[in-house]
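The structure is shown first.

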Amino acid sequence: MVFSETELQIFQQARLARDARFDGRFFVAVTSTGIFCRNICPAPAPKEQHVRYYPSAVAALAAGFRPCLRCRPDSAPGSAAWRGTNSTLTRALRLIDEGALQQGAMPALAARLGVSERYLRQLFNRQLGLSPKRYALLQQLLLAKQLLQSTALPVTEVALASGFQSIRSFNAQCKQVLKLSPGEIRKRELPAAAGISLFLAYRPLFAWQQLRQFLQARLLSGLEWAGNDYYGRTFTLRQAQGHFTLYHQPDLHRFRLQLELDHWPVLPAVLQQIRRLFDLDVDINQVEQHLAPQLARLPGYCLSLDHKSASRDFARS
């Protein structure tokens, strides 16, 4: 993907300012180190001549850069902007992110999308510069890295939860693509605990209190729970059952997810469902631009910095 001069100037300013509003919209690769980061990475900012910009973590990984162990690009909020406007591509990416190519093969995915395998491959190569299977593999590795750094899951369970059928293949792909073995990524052993704990980032602004109040007023007794800084619920997804609690960490623009699950292979789908439930990947600027004309006509409405709650309430009314 080729960025315009204006976009590159914006990216440079957002990188140097570590502006959290741009977290996940682009990624910064450094040619002198071979590492790519989120724009909010606390490491010293590299010189611009050593920087390359990529629209997604997958694109940076495919270009041969390895993810930073400090800012963890695998935990950045998603961005729909790099996916384009093709509805077939958007749906294909969503299904792959949920594990479609781990549970089935390309023919099944193409049939589900109502297109041929050849067209699907052409679409991915034209829009993303890589095949659907390659995209799926890189997404698996990003999830595996997140699990290795944030959880105490044994390496074999990390491989399974990330969609790998073989621990040998998992180890080989980590070394080939991430340039590190699973043990080198983990670095330190975390204390054993029930379930897993992960961080789910979002871009500010996020009207947590309004969302919490909305959910708390509609709690289903015995299935959901909520407090000032958390929300949780039980769920069933495919053949798996589990429960999660999200703890809000506003200063870091993220939630800490505590999750227990009885069937790890469905983890990618569970994470995608949770991100959608809380709109963690939403581009609030686009939402506001789309809804502003309608909202402006509402009696007493005033567009403010707390526009996420207004957009959400309007959308649900």
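## Sheet and helix packing

In this predicted model, Phe235 has Gly242 of β8 as its bridge partner. Strand β7 (residues 230–237) and strand β8 (residues 240–249) run antiparallel and are joined by 8 bridges.

Both strands belong to an open sheet of 5 strands, ordered β5-β9-β8-β7-β6 and paired antiparallel. At its edges are β5 (196–201) and β6 (224–227), each of which pairs on one side only. On average, neighbouring strands of the sheet are turned by 20° against each other, direction ignored.

| Helix | Residues | Strands it lies across | Angle |
|---|---|---|---|
| α11 | residues 208–216 | β6, β7, β8 and β9 (254–261) | about 140° to β6 |
| α12 | residues 267–277 | β5, β7, β8 and β9 | about 140° to β9 |

A separate topic is the packing of two helices. Two packed helices are described by the angle between their axes and the distance between the axes. How do the axes of α7 and α9 cross? The axes of helix α7 (residues 132–150) and helix α9 (residues 167–178) cross at roughly 95° and come within 11 Å.

From α7, the contact is made by Arg134, Leu137, Leu138, Leu141, Ala144, Lys145 and Leu148. Helix α9 contributes Phe170, Gln173, Cys174, Val177 and Leu178. By class, the residues of this contact between α7 and α9 are 9 nonpolar, 1 polar and 2 charged.

Note on methods:
Residues numbered from 1 in each chain as written. Predicted model: local features only at pLDDT ≥ 70, side-chain atom pairs only at ≥ 80, totals over all residues. Heavy atoms only, no water. Axes fitted to C-alpha atoms, helices over the stretch in contact; angles between N-to-C directions. Helix = DSSP H or I, 4+ residues; strand = E, 2+ residues; numbered from the N terminus. Contact = heavy atoms within 4.5 Å. Nonpolar A, V, L, I, M, F, W, Y, C, P; charged D, E, K, R; others polar. Pairing = 2+ DSSP bridges.
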